[in-house]
Amino acid sequence: MKINLLGSSGSIGTQTADVCRRHGIEIHSAAVKSNYKMLAEQAREFDIRRVCIYEEKYYKPLKEELSGSKTEILVGSDGLCELAADRAADLTVNSVVGMVGLKPTLAALENGMPLALANKETLVAGGDIVMKLAAEKGITILPIDSEHSAIFQCLMGVKGDISKQLKGIILTASGGPFYGKTASELENVTLEQALCHPNWSMGRKITVDSATLMNKGLELMEACHLFGVSPSQVEIVVHRQSVIHSAVVLSDNAVIAQLGVPDMKIPIQLALTYPERCPSLSGELSLTDYGTLTFDKPDLETFICLKAAIQAAEIGGTAGSIVNGANERAVELFLDGRIGFCDIGRGVSEALADIAVKPAASLEAVLSADAMAREFIDRKFC
Ligand code: MG
């Protein structure tokens, strides 16, 4: 087993490398945005044949780090796409953050490459074209997002036509660090508080998305694309313990859920060993240690990012691209300390209200909506 690992220095990327180490899975190629030192280390450890550095200014230092080795070095978006589509591996794991992941996803599918997807922005913005291409190429996308892996696992037990038997999805949300806070209390929260997630250890962008609950809105759109359901079939439930990773409701009203400790190595490993399961690096779940599991409705009046994302899911077309682009740019500004926490939700909601939605039938339409949304945020705040 060999993989192409895009985003190898990130939270999902390094945990994927852990799983590879554990099971002797080879990494044929790997790509990072800027962390050339880690990429060079991984290249040496895993004897990686091809690497890609997304930001061109790190090409030289990477070349120096790898001097004397036979590893081929590629650069930028074209390099990412080339690695994504490299059939010398058996599977491409796309765990880059943000819209940058869309082109490599399409390149992989275009070339008939099996794909494990941790990059949710890809589906939120480009889901219409991505799913159409996957169907044409006969490729089942293996989700690495914990909720979508859970739904996928629940559906592994359903025989026959899933579209006739899948009635709904229960998408669980931890509620993030600001659960229970009022809108006015949120006005003064700091970056440090937003980056402090109660259950999951993740990268900075997704951790902020979890604090605004935008992450759950993105995941709603992701679920609709992956499993062919409408937004009204998905119920978002706040479940503080993150033990139930999501559930499906079947046509006979049976509910099947997937449970486990909150550890991304379980969904990552399943994507790599699918359809088989193997001993894991993750701990066992003890339900009696938890004792109580709680369930609650999300507060859409306080967490307006989630409200906007649900609206975008219902509208369809490029609405997903608009809220995603606006959110990505606003979160960048928040991480840079240039805007407040609540500005993210205001920016996303206003972008959705302001920018005209079109069918998301082409890459150009998706990228143009994304660019308009980012410009909208820059005009508003910069
Ligand atoms: Mg998730």
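A residue counts as buried when its relative accessible area is under 20%, as exposed when over 50%, and as partly exposed in between, using a 1.4 Å probe and protein chains only. By that rule Glu219 is buried, with a relative accessible area of 1%, and Glu147 counts as buried too, at 8% relative accessibility.

Before going on, a word on the source: this is a predicted model, where local features need pLDDT of at least 70, side-chain atom pairs count only at pLDDT 80 or more, and totals for chains, interfaces and linings use all residues. Residues are numbered from 1 along each chain as its sequence is written, and side-chain values use heavy atoms, with hydrogens and water left out.

Glu147 and Glu219 link distant parts of the chain, 72 residues apart:

| Residue | Helix | Helix residues |
|---|---|---|
| Glu147 | helix 7 | residues 146–155 |
| Glu219 | helix 12 | residues 214–227 |

Zooming out, the chain has 18 helices and 11 strands; these are DSSP runs (helices H or I, at least four residues; strands E, at least two), numbered from the N terminus. Of its 382 residues, 55% count as buried. The C-alpha atoms fill a box of roughly 60 × 50 × 40 Å along the principal axes.
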